[in-house]
Amino acid sequence: MIHPIPSGTRDVLPDEMAELRAIIAALRGVFEARGYGEVYTPAIEYEDVLRHAGGAAPAYRVFDDHGEVLALRADMTAPIARLVGTRYPTAQPPLRFCYVAHAYRAVRPHRGQMREFLQAGIELIGAEGPDGTAEALTVLCASLDAAGLRDYRVGLGDAALYPALLGAFDLPEEARDRLLSELAAKDFVGLEREVGQLGLDAEDAALLARVPQMRGGPDVLQAPAGPVADAVAGLRSVLDRLAPDVAGRVIFDLGLARGLGYYTGAVFDVYDPSLGAPLGGGGRYDDLLGRFGRALPAVGFSLGVDRLHVALSGQERGGL
Amino acid sequence: MNAFGLTIAVPRGALLGETLDALQRLGIDTAEVRANDRRLLFEDAGIVTMRPSDVPTYVEAGAADIGITGKDVLMEQSGRSVIELLDLGYGRCRMVLASVTGEPDPAAEALRHLGVVRVATKYPRIAARFFEATGRQAEIVEVKGSVELAPLTGLVEAIVDLTATGTTLRENNLVIREEIAVATARLIANPVAHKLRAGAIDEVVGRLRGA
């Protein structure tokens, strides 16, 4: 008789567990050395509370014996925002927390996606704009270095950049939404088509189609005075605060858009040549804490421990 | 490996010839691919060949850095995390709703009298989205082989399929009732390669756009 486990979940046997523990120990070492205290929150919470954050929607729900709807958390950012609002209502910011915890997402069948996955990350609460973002990026790079990853890069963009650029052109609401949805779908052909239908002059249309495709070193941030220069000003001030070794890891990406709804400013993704998808990421969510009663700016990142493990194995095998 | 250092997923079938022409214009030597239609992997040219519907799979996973496939494939596999970079313009086809020639249209008749139409297709997601978006109830029948057979045998009242010239439809006594979308060949990229190999990918896009 076979007793299956759900697709997207797995057992970890001792050899793999030993490797995962070494990675986690390296990450924890960096987090704690930099003053991030580890927290753990319930894997299962009231669905209303998790939804209140407006990020990834919880995928698995149950009724408890009182008819309340409970849900498995889809990330750690929402639970930590709740924790700050309820347990640290008056504590002097900045607050620094880290976690190594499982989160749960819906999967499409046969795609090798995990329903249950282990995340390690930090939340820096009460540290504003460029300084806080620079600290998070610095901790991120130190963590990856400590784990032994060699060739990773960090894509850095700004969730507010393209909306701000669109704002400079005084476009109707539905046109803006169409452009943003093409960008979210990573469809530059569709974006160009929608831009073409706006009736802008050729130069402005080229700008709106080209800017989200700009990515690379700091030269990406060199723009003549105007709407683009205004939009990248935030990224430039982050760059000014990064040490050279961290700055050298950064790929500025003016089209970077992360799926979760709560990002307000800088966003980042971690890339490694041995993986076809990002192995982690994060960003600023300056409005989220306010929904839980403490209006503090915040930034954080999470790394997929399993993906980091895959990238490290790929690196040992000699790249691709 | 080619001069760009990129592994390129190339679709076999109707798009192959023009795709190889485009790559040749980039300076990639495609003679070996043209000469050999059984081999799949051409390391010197950095080309891997496959069915068009497999291209997004390889590109999403990073097994190929960039690839070329039809918009019809991308629409059907819209959940794939790939970046759509460029409309290459060739391989122009239409995704259409077709039914047996003559009036009244059997598909419209089915909806009028039964409230639901049976539709055979190789593109179940495009078909389902189309009927959903137009507020009509459809029973989607997924077939792997010749879709044109399905309405002739009474399996369904209509089909959703790709057509370039309409010849196959006409020869099977079918007529186009509605156009769903126009599909052309697209250049796509893996999202990580798009960042880590930005220079090479932008060079390819720029030169294909200029061509």
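**Domains, a helix pair and a chain contact**

Colleague: Which domains does the assignment give for chain A?

Modeller: This is a predicted model, in which local features need pLDDT of at least 70, side-chain atom pairs count only at pLDDT 80 or more, and totals for chains, interfaces and linings use all residues. Residues are numbered from 1 along each chain as its sequence is written, and chains are lettered from A in the order in which they are written. The bounds come from an automatic or database domain assignment. For chain A they give domain 1 (14-159 + 214-316) and domain 2 (162-211).

Colleague: How many residues of domain 2 of chain A are in contact with domain 1 of chain A?

Modeller: Two residues are in contact if their C-beta atoms, placed from the backbone, lie within 7 Å. The C-alpha centres of the two domains of chain A lie 28 Å apart. Seven residues of domain 1 of chain A touch domain 2 of chain A, and the number from domain 2 is eight.

Colleague: At what angle do the axes of helices α1 and α4 of chain A cross?

Modeller: Helices are DSSP runs (H or I, at least four residues), numbered from the N terminus. Axes are lines fitted to C-alpha atoms over the stretch in contact, with angles from 0 to 180 degrees between N-to-C directions. The axes of α1 (residues 14-33) and α4 (residues 129-147) of chain A come within 8 Å, and the crossing angle is roughly 145 degrees.

Colleague: How many residues does chain B bring to the contact with chain A?

Modeller: Chain A supplies 17 residues to this contact. Among the elements of chain A that each supply at least two residues is α7 (188-196). From chain B, the number is 17.
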